Amino acid sequence: MSRKKKAGNSRVALEILKQRGKVVDRRLVNHYRMRMGLKPFHEIRKPKISKKNVEDRLWFANYMSNWTEDRFLNFACSDEFYLYTNRKPNSKNDIIWARSVEEIPDEERFRMVGAHPACFGIFVCFTAVGVMWVAKESGQSWDGEYFRQVLTENVIPFLKDPQSVVDPESVVFLHDRAPCMSALATQALLKESNIDFLDNTMWPGNSPDLNPTENLAWAHALKSASRGGCLLTRRSPFLDMKEIFKSVIADINNDTTMLQTLLTSMRARLDAVILAEGGPTRY
């Protein structure tokens, strides 16, 4: 068996049956791998972009081609996500088995697999001058009704506060095409609230590389939450994770230079989409 195998235990057992005619239980394959010192790592794949996504991304990048970096400072970028201490083990076919991280080539991106990882759901929205966030209540899903409640009680007041944005009259709300955002009721709420936003006809699907919030949340927040060792353990209570993220947000709020850099990076992101002919970019 190879030292590194991008296949699940069941698939390996099936290959042994086909090639050697021997019936091997998948648990035996797993035991053998563990005995050999191999560990499972999950490969992080690029987003799947369809032909329509490519066309939509190119259209959007060209549509925004006249926007300067300074104009993007009026953006209020947002996203909702789940903060796991380890990757949730819900995918078997993208596992990389290796004895150590050093055995995995640099071009492969991965996270360690963990059982029952602690999870913290949050919504984040940031502008050039500040950040607001909402913790997902225990058991609450990001459905349209809950998302519109977050918009009404938190986001819309934040966008209309002169202390939170560069110019309340010029702010543009940005979110991806998640079902909670693309719902007609959500789009109507934003219009009725006189909030300028990128609606369903504009924002291209499967385009996390065009939303700077992805970088704000994962690159900065996760790094900060883990500084000084792993502060989020596998059994961390919800409230402990919430307190840790509060300190992370406080750090981000004090770093307006980083916020503005992320927003002005929209120009480079859109140019990269054009250069990639609508395909995925390094962002």
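At what angle do the axes of helix H1 and helix H2 cross, and within what distance do they come? In this predicted model, the axes of H1 (residues 9-20) and H2 (residues 26-35) cross at roughly 105 degrees and come within 8 Å. Angles of 65 to 115 degrees count as roughly perpendicular, and H1 is therefore roughly perpendicular to H2. The residues that meet are Asn-9, Ser-10, Val-12 and Ala-13 on the H1 side, and Arg-26, Val-29, Asn-30 and Arg-33 on the H2 side. Sorted by class, this contact has 3 nonpolar, 3 polar and 2 charged residues.

The crossing of H4 past H6 is right-handed. From H4, the residues Phe-147, Arg-148, Leu-151, Thr-152 and Ile-156 take part, and they meet Ala-185, Thr-186, Leu-189 and Leu-190 of H6. The contact of H4 with H6 has 6 nonpolar, 2 polar and 1 charged residues.

Helix H4 also holds a proline, Pro-157. With a relative accessible area of 42%, Pro-157 is partly exposed. Leaving aside residues up to four places away in sequence, Pro-157 touches Leu-151 and Thr-152, and both of these are among the H4 residues that meet H6. The C-alpha atom of Pro-157 is separated by 9.9 Å from that of Ser-193, although the two residues are 36 residues apart along the chain.

The next topic is the aromatic residues. The structure holds 6 aromatic pairs. One of them joins Trp-59 and Tyr-63, which are stacked, with 5.0 Å from centre to centre and 15 degrees between the planes. Why are these two separated by about one helical turn? Trp-59 and Tyr-63 are 4 residues apart in helix H3 (residues 51-63), and this spacing is about one helical turn. Trp-59 is partly exposed at 42% relative accessibility, and Tyr-63 is also partly exposed, at 45%.

Phe-123 and Phe-147 form an edge-to-face pair, with 5.9 Å centre to centre and 70 degrees between the planes. Phe-123 lies in strand E5 (residues 119-126) and Phe-147 in helix H4, so the pair ties together parts that are 24 residues apart in sequence. Are these two phenylalanines, Phe-123 and Phe-147, buried or exposed? Both are buried. Phe-147 also belongs to the H4 residues that meet H6. Elsewhere, ring pairs link Trp-67, Phe-72 and Phe-75 into a cluster.

Two backbone positions remain. Asn-206 is not a glycine, yet its phi is positive, at about 50 degrees. Asn-206 is placed in the loop between strand E8 (196-197) and helix H7 (213-225), and with a relative accessible area of 42% this residue is partly exposed. Glu-277, also a residue other than glycine, has a positive phi near 55 degrees. Where is Glu-277 placed? Glu-277 is in the segment after helix H9 (256-275). A residue counts as exposed over 50% relative accessible area, and Glu-277, at 62%, therefore counts as exposed.

How values were computed. Residues numbered from 1 in each chain as written. Predicted model: local features only at pLDDT ≥ 70, side-chain atom pairs only at ≥ 80, totals over all residues. Heavy atoms only, no water. Left-handed = near helix turned anticlockwise from the far one by under 90°. Contact = heavy atoms within 4.5 Å. Nonpolar A, V, L, I, M, F, W, Y, C, P; charged D, E, K, R; others polar. Phe/Tyr/Trp six-rings, centres within 6.5 Å; stacked < 30°, edge-to-face > 60°. Buried < 20%, exposed > 50% of the residue type's maximum accessible area, 1.4 Å probe, protein only. Axes fitted to C-alpha atoms, helices over the stretch in contact; angles between N-to-C directions. Parallel < 35°, antiparallel > 145°, perpendicular 65-115°, else oblique.
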